Amino acid sequence: MDGQDSADRSRGVEEAVAVLKAVADPTRFRVLWALARGEHSVGQLAELVGAHVAAVSQHLARLRAAGLVVSRREGTRIYYRAAGAHVRALLEGAVLAARAEPEGPAPASVAGNTAVAAPAGARLRPRPVNG
């Protein structure tokens, strides 16, 4: 392994940590969860997650900087969506790591917020601890 491989690996670790930090806020997680299901405006997201529009806008900026969210303009409105399937996989992985797993087709809450359904309409249930 040469110095360039080590630098590339270190940069990869730093980028991964930046992504995890971007998602490590309950409101940002809920916003991203909603965006993994479809496109929304800032106002729609604010209503879904129960936060002020200004706060959601700041959270979106952080998620966009981490490469997790993309936007498009339609007239005077801006619509946001998850940057790709990898975002949904990241969120589902976080839920699984938190000892919950997808079950059934009914929508469910994320972290107590019943307005934001789980990706693909999955119901979340605690997974038994092995040990």
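A: pLDDT is the predictor's confidence in each residue, on a scale from 0 to 100. Where pLDDT is low, the predicted coordinates should not be read in detail. Over the protein, the mean pLDDT is 81, with 74% of residues reaching 70 or more, while among its elements the mean is lowest in strand S5 (residues 123-126), at 46, and highest in strand S1 (residues 40-41), at 98.

The helix to examine is H2, residues 26-37, whose axis comes within 9 Å of that of helix H5 (residues 85-97), the two crossing at roughly 125°. H2 and H5 are therefore oblique to each other, and their crossing is left-handed. On the H2 side, Phe29, Leu32, Trp33 and Ala36 meet Val87, Arg88, Leu91, Ala94 and Val95 of H5; by class, this contact has eight nonpolar residues, one charged and no polar.

H2 also packs against helix H4 (residues 53-65), where the axes come within 10 Å and cross at roughly 75°. Because angles of 65 to 115 degrees count as roughly perpendicular, H2 and H4 are described in that way. Here Thr27, Arg28, Val31, Leu32 and Leu35 of H2 make the contact with Val56, His59, Leu60, Arg62 and Leu63 of H4, which by class gives six nonpolar, two polar and two charged residues.

Key: Residues are numbered from 1 along each chain as its sequence is written. This is a predicted model: local features need pLDDT of at least 70, side-chain atom pairs count only at pLDDT 80 or more; totals for chains, interfaces and linings use all residues. Side-chain values use heavy atoms; hydrogens and water are left out. Axes are lines fitted to C-alpha atoms, for helices over the stretch in contact, and angles run from 0 to 180 degrees between N-to-C directions. Helices (H or I, at least four residues) and strands (E, at least two) are DSSP runs, numbered from the N terminus. Angles under 35 degrees count as roughly parallel, over 145 as roughly antiparallel, 65 to 115 as roughly perpendicular and the rest as oblique. A crossing is left-handed if the near helix is turned anticlockwise from the far one by less than a right angle, and right-handed if clockwise. Contact means heavy atoms within 4.5 Å. Ala, Val, Leu, Ile, Met, Phe, Trp, Tyr, Cys and Pro count as nonpolar, Asp, Glu, Lys and Arg as charged, and the others, Gly among them, as polar.
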